[in-house]
There are 2 protein chains.
Amino acid sequence: MSERVAQSALQAFISRSLSAVGMPESDAAKVAALMAQADVNGQDGHGVFRLPMYIKRIRAGGMNMTPTFKRLSERPATALIDGDNAMGHLVMHHATELAMEKARTTGVAWVGARMSNHAGPAALYATMPARENMIGLYLAVGSANHMPPWGGTDMLLSTNPIAVALPSKDYPPIVLDMATTVAAYGKVKTAAQRGEEMPEGWMIDRTGAPLTDPTRASEGFLLPIGGPKGYGLSLIFGILAGVLNGAAFGRDVVDFNADATTVTNTGQMILALDIAAFADPDAFRADIDEVWRQMKSSARMPGVDEIRLPGERMDRVRQERASKGIPLSDALRAQLDELAGELGVAPL
Amino acid sequence: MSERVAQSALQAFISRSLSAVGMPESDAAKVAALMAQADVNGQDGHGVFRLPMYIKRIRAGGMNMTPTFKRLSERPATALIDGDNAMGHLVMHHATELAMEKARTTGVAWVGARMSNHAGPAALYATMPARENMIGLYLAVGSANHMPPWGGTDMLLSTNPIAVALPSKDYPPIVLDMATTVAAYGKVKTAAQRGEEMPEGWMIDRTGAPLTDPTRASEGFLLPIGGPKGYGLSLIFGILAGVLNGAAFGRDVVDFNADATTVTNTGQMILALDIAAFADPDAFRADIDEVWRQMKSSARMPGVDEIRLPGERMDRVRQERASKGIPLSDALRAQLDELAGELGVAPL
């Protein structure tokens, strides 16, 4: 980590890069805002880090730059969106706004999407309702399979994530954003880059033995949290975000990183719940503050400095990066400079 | 396991026992059907096994035998029910029927409950929508705290479960019903009864060291699945099923087993999603069959006989027990005979 970049500068760079490959300006601005938000939030593996890959896919014709979203079906509290192979950020931003609009009347709404693509970190969408006195819940089919069913060796499942966000009063919002595997695949890649061993419990090989050498990652699988339980969660989340929407699941999942042209038909869903349908929102937010206080004030195990709540680290990083800028590694900076040169846009 | 009891006989026994302590007959019949269903499904820790404890609480005045359910708030797709301190089975059966009725129109519905009580296994309610071309999702605040926040030692969280059920065509329904801890507390009790060590990973003591002696369970805590991830899930499920509904959470949770009189104010929620709002239900069910086929046909690790899907074991047990009866241990049988004597009802 050498240099820091202001959020606004990063966002502008992402926006002009996407425009340069044919994305309409208003769409590019929207995607850039979401991607830069991921970096500000500290979700580094899902922000500008992904830009070169997105651009590669766009230039290869693997995503549609002039999509038309269709509502394939609709009820007062539900909708199924066809994303027309747009960038996932656009599809899920649209889906989340629709879910929030519906939930304001019906109390809760569930909007699913097919024909979407990688949309960045799950928390981006779950936190949108949380900013308006709602609770957000997001599920997605991951963009590559890294896990077999429990006891198996065929890669049929992804790290299918869940994110849930809800507002507090004086404390940060509670934001859970987690994959259903013990470690995300990005952590394995990072360990490999650094020449570090992985702890036991992250991966196993095809015989079921622990795999701790990250350079051998292709010989094994990510382990689900709680063994069969995490397998069950990944399966269920994949069905709710994928199968229900007519999106890819199981053998149909396209590895977004390895294949830049095949339509991924990615599936995601967002649920928005209007807190006012259950409680006075101010009272609820005060109740969540009380949850914070109870957890934070728990006696601690030896060696533990602080009890954390989901979203706490994200909030600290957000505040720090919003004011001081986003740190970029030299390697990523060089990659983005190279990209700028290729696209003929001003570098960061 | 010595003797088997027919489902109908078990159900009738539960019903007359509940009637004997003042529960109106139609309510007793409803609770008995759900409790016997838990036993038929193989969820032994949440069926008739709990009857003596329920009866103890009822006789102590800890549950209301003539409840009136109130809708504290309502929108087209949501409702908040005050269970009036009824048995949880009655509250959540009512809540689930309401959610299904709403979802038929709105596409999805979320019904929360406060002032409920222990309702048996989560799957009972998640599977109700699944029998009518819907998807069911149930969350609950567990009826005793067995887990601290991650890194802490104060028991502020329960094993807060999730159940999701969805229909297949030729295969059994997929039914995930899991606690957010590696092991349920019942498993610890069973190990203690049998004089067995627990495997590492189930519990830790107050210093964070593995605790494998189940007779020392009171000195430690259940471990969440995936460490901080399971802690996050338990926290979020508890907020959605408890705090949002104005039900007990954190320090306010009453240990249902240890205290028979204090009102528990248990919180639960059920979501019903009408599959027809997203897809042709027959086509969806066929798609779920294809999920079964893909998972079942995965190559397997050495020593693994079969890949299982969530709900598969439950379905096998259900078929076997529906035809051959429910096995009861001698100890439980003796306990139920004693209960029958106390209540002056015909024994099983």
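Predicted model: local features only at pLDDT ≥ 70, side-chain atom pairs only at ≥ 80, totals over all residues.
Residues are numbered from 1 along each chain as its sequence is written, and chains are lettered from A in the order in which they are written. Local features need pLDDT of at least 70 and side-chain atom pairs count only at pLDDT 80 or more, while totals for chains, interfaces and linings use all residues; side-chain values use heavy atoms, with hydrogens and water left out.

**The two copies**

Chain A superposes on chain B by a rotation of 180° with 0.0 Å of shift along its axis, at an RMSD of 0.0 Å. The two copies are thus related as by a two-fold rotation axis. Both use the same surface: 100% of the contact residues of chain A recur in chain B. Copies are superposed by least squares on the C-alpha atoms of residues with pLDDT of at least 70 in both. Contact means heavy atoms within 4.5 Å.

B:Ile225 touches residues of both chains, among them A:Ile225, A:Gly226, A:Lys229 and A:Leu233 of chain A and B:Met178, B:Thr180 and B:Leu233 of chain B. That list leaves out residues up to four places away in sequence. B:Ile225 sits in the loop between strand 10 (220–222) and helix 7 (228–241) of chain B. B:Lys70 is 155 residues from B:Ile225 in sequence and 36 Å from it in space, C-alpha to C-alpha.

**Helix packing**

Two packed helices are described by the angle between their axes and the distance between the axes. Axes are lines fitted to C-alpha atoms, for helices over the stretch in contact, and angles run from 0 to 180 degrees between N-to-C directions. Helices (H or I, at least four residues) and strands (E, at least two) are DSSP runs, numbered from the N terminus.

In chain A, the axes of helix 1 (residues 7–20) and helix 3 (residues 51–59) come within 10 Å and cross at roughly 15°. The two helices of chain A are therefore roughly parallel (angles under 35 degrees). Helix 1 brings A:Phe13, A:Ile14, A:Ser17 and A:Leu18 to the contact, and helix 3 brings A:Leu51, A:Ile55 and A:Ile58. By class, this contact has six nonpolar residues, one polar and no charged. Ala, Val, Leu, Ile, Met, Phe, Trp, Tyr, Cys and Pro count as nonpolar, Asp, Glu, Lys and Arg as charged, and the others, Gly among them, as polar.

In chain B, helix 2 (residues 25–40) and helix 9 (residues 312–324) pack at an angle of about 115°, with their axes 8 Å apart. These two helices of chain B are therefore roughly perpendicular (65 to 115 degrees). B:Gln37, B:Asp39 and B:Val40 of helix 2 meet B:Val317, B:Arg318, B:Arg321 and B:Ala322 of helix 9. Here the classes are three nonpolar, one polar and three charged residues.

**Around helix 4 of chain A**

A:Val91 is found in helix 4 (residues 88–106) of chain A. Beyond four places in sequence, A:Val91 touches A:Phe69, A:Gly83, A:Ala86, A:Ala113 and A:Ser116. A:Asp84 is in the loop between strand 3 (78–82) and helix 4. A:Asp84 has a positive phi of about 55° although it is not a glycine. A:Asn85 is found in the loop between strand 3 and helix 4, with a positive phi of about 60° although it is not a glycine.

**Buried residues**

Buried means under 20% relative accessible area, exposed over 50%, partly exposed in between (1.4 Å probe, protein chains only).

| Residue | Relative accessible area |
|---|---|
| A:Val91 | 0%, buried |
| A:Asn85 | 8%, buried |
| B:Ile225 | 0%, buried |

Definitions and conventions. Parallel < 35°, antiparallel > 145°, perpendicular 65-115°, else oblique.
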